[in-house]
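Subject: Structure handover

Hi,

Here is the structure I promised to pass on. Please open it alongside this email and follow each point on screen.

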Amino acid sequence: MVIIWIILGALLLWEIQSVWYAKHWDEELFVSLAFSRKSTVRGESCELLETIENRKLLPLPVLKVKFQVSRQLAFEDAGTESSVTDQYYRNDVFSVRPYTRHIRSLRFTCKKRGFYRINGLDVVAGDLFLTHELPKSLPVDSQLYVYPRPFRGMDFNGALRQLNGEVATKRHLQEDPFEYLGIREYTPRDTLRDVNWKATARSGELKVNQKGCTAQRSVRLVVNLEDGAILRQEDLLEASIEMAAAAAELFIGQGIRTSLETNGPDLLTKEAVCLKASCGAGHLDSIFRGLARIDLEKPAPSFEPIRERLEEMEDRESLCTIFFSADARPEFQQLLEKFRKEKREFIWFCPVNRIVRPEINAGIRPYTRLIDAEEGGRL
């Protein structure tokens, strides 16, 4: 008789806890995913913070947290029952006591430039006896920009430094004392009257005031992402983007107004990524974000609209036009030939590899720099 009562009591307890968990397991339960930074650079490491808070007396013996993210984020810890197919699918298991918080740091490496987002997650709880699974979907919106890594290479850096010297010589701009843009590092070209002594005292390093310019001429960066090769050369397209990032970093860092023209579609807006000339605070981040969101999964639109726009622009608007293009088809070279005949300042950086080595017209050869993509670690 005692055994029967024990069995009945156990069944009653099982039923009560089953009903109670079904109604109250997700009350005062908070689960979130957040990247440790808003932006990083290709090749660098970052962290995804997985936070669980249980603000009630009811324990959760088993809580599974499931989410998916791009496989271009390579997690060091594969996790429980995680898999990689078209996406990275992760399934983490926790045991959550009453009134506790769990924070798990998931470290990963950013293998590719891009804009990454986690749009939601699923949680699955188990009751006290682990006989039922209780699922629920939760809203999450975690975003991460992976900027292109600025291209580094002996030939490219040398050509860029030479170009920078020519631009600085032609600039002839006078600073506007009434347009204050911020504070930057001291360079040998700065004078002592530009030094911000308060900022210098705080940082222990020489800092100078960065002022605007009375003239509006700028450096124009043009990235052509059309791919005329029989076999798609995505590494060369990425090299073009990273060269543009390096050039923007150099010129904006010196207070030179810089614009960006591309035919690369924005992953979010679906329109071509283009930014007007500026050298103000935050402009470099805007360019890097735009370059990060260029979607190379689909072929880039025709370069023709940009070509027509460039032909209509007057040269006095620009100190120099810098082209980044792995596409060397006759139509593109004809545009550069027209620039040469009109004596408009330009240079063409053309990324190449062992397979792709284009023929360059003799007229524009002095204005062309063939850059081995392997120099910048692209291949």
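First, a term you will need. A salt bridge is a side-chain nitrogen of Lys or Arg within 4 Å of a carboxyl oxygen of Asp or Glu. By that rule, the structure holds 23 salt bridges. Keep in mind that this is a predicted model.

**Salt bridges to look at**

Start with Glu44 and Arg37. Their side chains meet in a salt bridge, at 3.8 Å from N to O. How accessible is Glu44? Its relative accessibility is 36%, so Glu44 counts as partly exposed. Arg37 has 34% and is therefore partly exposed.

Next, find Arg152. It forms a salt bridge with Glu249, and the closest N and O atoms are 2.8 Å apart. This pair links distant parts of the chain. Arg152 sits in the loop between strand 10 (133-147) and helix 2 (154-171), while Glu249 is in helix 4, and 97 residues separate them. Arg152 counts as partly exposed, because its relative accessibility is 42%. Glu249, at 31%, also counts as partly exposed.

Now move to Arg329 and Glu226. Their side chains meet in a salt bridge of 3.4 Å, N to O. Where do the two residues lie? Arg329 is in the loop between strand 16 (318-325) and helix 7 (330-341). Glu226 is in the loop between strand 13 (218-224) and helix 4. The pair therefore ties together parts that are 103 residues apart in sequence. Glu226 has 18% relative accessibility and counts as buried, because buried means under 20%.

Some salt bridges share partners. Those bridges join Glu47, Glu76 and Arg107 into one network.

**A helix pair**

Then turn to helix 4 (residues 234-253) and helix 5 (residues 283-292). They pack at an angle of about 175°, with their axes 10 Å apart. That makes helix 4 roughly antiparallel to helix 5, because angles over 145 degrees count as roughly antiparallel.

Which residues meet here? Helix 4 brings Ile241, Ala244, Ala245, Ala248, Glu249 and Ile252. Helix 5 brings His283, Leu284, Ile287, Phe288 and Leu291. By type, the residues of this contact divide into nine nonpolar, one polar and one charged.

Look at Glu249 again. It is part of the contact with helix 5, and it also forms the salt bridge with Arg152.

Best wishes

Methods. Residues are numbered from 1 along each chain as its sequence is written. This is a predicted model: local features need pLDDT of at least 70, side-chain atom pairs count only at pLDDT 80 or more; totals for chains, interfaces and linings use all residues. Side-chain values use heavy atoms; hydrogens and water are left out. Axes are lines fitted to C-alpha atoms, for helices over the stretch in contact, and angles run from 0 to 180 degrees between N-to-C directions. Helices (H or I, at least four residues) and strands (E, at least two) are DSSP runs, numbered from the N terminus. Angles under 35 degrees count as roughly parallel, over 145 as roughly antiparallel, 65 to 115 as roughly perpendicular and the rest as oblique. Contact means heavy atoms within 4.5 Å. Ala, Val, Leu, Ile, Met, Phe, Trp, Tyr, Cys and Pro count as nonpolar, Asp, Glu, Lys and Arg as charged, and the others, Gly among them, as polar. Buried means under 20% relative accessible area, exposed over 50%, partly exposed in between (1.4 Å probe, protein chains only).
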